[in-house]
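This briefing describes one protein chain for a reader who has not seen it before. Please look over the sequence and the structure, then read the points below.

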Amino acid sequence: MTFRRSTERLERHFKQVLEELNIDLQVGELKNTPARMARSWLELTRSYVLQEPKVMTFKMENVQILGIHSLHYFSLCEHHGLPFEGEVCVMYVPNEKLIGLSKPARLVSYYSHFLMIQERFTHQVLEAIKKAADPVAIYVISRGRHLCSAMRGVESREHEYVVEDMWFNNVASKETWEQRLRNSEKLSHERVYTSY
Ligand SMILES: [Zn+2]
């Protein structure tokens with residue numbers, strides 16, 4: 001698939017959309033708004049033209065649970081094109097292979113720059129780490145606040161949407177690690193959010 005993205009073409013389309021909404025583009029600062037919207041949308045959906053980040057690993061024994069918390073993200077919901085944002089926490093039990101510390105953040109950034117739903121986003125982060133590290137167990141949890149339900153529809157500003165995804169390499173791993181991963185995440189979450 002080849003990707004062609006033209007800022008000029010996108011700017012023309014945004015101009016048409018705004019005019020269709022009866023917005024007079026000659027008033028105030030609106031003249032250059034279609035161009036700014038075009039550049040913003042190219043940036044916010046940039047992962048459509050990027051390669052998935054490579055996740056390198058290194059060997060290390062005797063690590064039990066590894067957790068990376070509070071990975072903040074911004075994304076756009078694929079139902080309304082409105083933002084949702086929140087935090088991701090990745091925890092895994094390595095099988096002697098560790099992934100670099102910055103890699104979960106890169107994956108979160110990559111997968112959040114598509115039109116997205118939070119469930120798939122969470123699952124894709126899990127799958128990418130699973131593929132790279134071949135771990136014993138992995139637990140990814142995302143928390144999200146969605147402007148499409150806060151600004152419109154039910155207009156509920158308070159609620160937070162939580163998605164959990166887990167994977168274990170076998171039944172014994174599930175029995176051993178499920179509760180420990182959950183507890184470990186819960187403790188870290190409480191520690192991070194009560195210290196704010
Ligand atoms: Zn939505």
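Helices α1 and α2 pack with their axes 8 Å apart, at an angle of about 120°. That makes α1 oblique to α2, where angles under 35 degrees count as roughly parallel, over 145 as roughly antiparallel, 65 to 115 as roughly perpendicular and the rest as oblique. The model is a predicted one, in which local features need pLDDT of at least 70 and side-chain atom pairs count only at pLDDT 80 or more, while totals for chains, interfaces and linings use all residues. Residue numbers start from 1 along each chain as its sequence is written.

**The α1 and α2 pair**

- The crossing in which α1 passes α2 is right-handed; a crossing has this hand if the near helix is turned clockwise from the far one by less than a right angle, and is left-handed if anticlockwise.
- On the α1 side the contact is made by T7, L10, E11, F14, K15 and L18, and on the α2 side the residues include P34, M37, W41 and L42.
- Two residues are in contact if their C-beta atoms, placed from the backbone, lie within 7 Å.
- Axes are lines fitted to C-alpha atoms, for helices over the stretch in contact, and angles run from 0 to 180 degrees between N-to-C directions.
- L21 lies in the loop between α1 (7–20) and α2 (33–44).
- L21 counts as exposed because it has 7 C-beta neighbours inside 10 Å.
- A residue is buried if 20 or more other C-beta atoms lie within 10 Å of its own, exposed if 12 or fewer, and partly exposed in between, with C-beta atoms placed from the backbone.
- L21 and R145 are 124 residues apart along the chain, and their C-alpha atoms are separated by 27 Å.

**The chain overall**

- The chain has 6 helices and 7 strands, taken as DSSP runs numbered from the N terminus (helices are H or I, at least four residues; strands are E, at least two).
- From the N terminus on, the order of elements is α-α-β-β-β-β-α-β-α-β-α-β-α.
- Along the principal axes, the C-alpha atoms fill a box of roughly 65 × 40 × 30 Å.
- The chain has 196 residues, of which 23% count as buried.
- Of the contacts between residues at least 6 apart in sequence, 73% join residues at least 24 apart.

**The sheet**

- An open sheet is formed by 5 strands in the order β5-β2-β3-β6-β7, with mixed pairing; two strands pair if DSSP finds at least two bridges between them.
- β5 (115–116) and β7 stand at the edges with a single partner strand each, so one side of each has no neighbour in the sheet.
- α4 packs on this sheet and touches β2, β3, β5, β6 and β7, and its direction makes about 155° with that of β6.
- Strand β3 (residues 83–93) pairs with β6 in the antiparallel sense over 10 bridges.
- V93 stands opposite A137 in β6, and C89 has I141 of β6 as its bridge partner.
- β6 also pairs with strand β7 (residues 161–168), in the antiparallel sense over 8 bridges.
- In that pairing I141 has E164 of β7 as its bridge partner.
- Strand β6 (residues 137–146) is mostly covered, with 8 of its 10 residues buried.

**The nonpolar core**

- The largest nonpolar core has 28 residues, and V88, V90, Y92, V125, I129, A137 and V140 touch the most other members.
- Two or more residues of this core come from each of β2 (66–77), β3, α3 (103–112), α4 (118–133), β6 and α6 (171–194).
- Such a core is a set of buried Ala, Val, Leu, Ile, Met, Phe, Trp, Tyr and Cys residues joined through C-beta atoms within 7 Å.
- Not counting residues up to four places away in sequence, V125 touches V88, V90, L107, V108, Y111 and V140.

**Helices α3 and α4**

- The axes of α3 and α4 come within 10 Å and cross at roughly 140°, and the two helices are therefore oblique to each other.
- This crossing of α3 and α4 is right-handed.
- P104, L107, V108, Y111 and S112 of α3 make the contact with F121, Q124, V125, A128 and I129 of α4.
- R120 is found in helix α4 and is partly exposed, with 15 other C-beta atoms within 10 Å.
- R120 and L76 are 44 residues apart in sequence and 13 Å apart in space, C-alpha to C-alpha.
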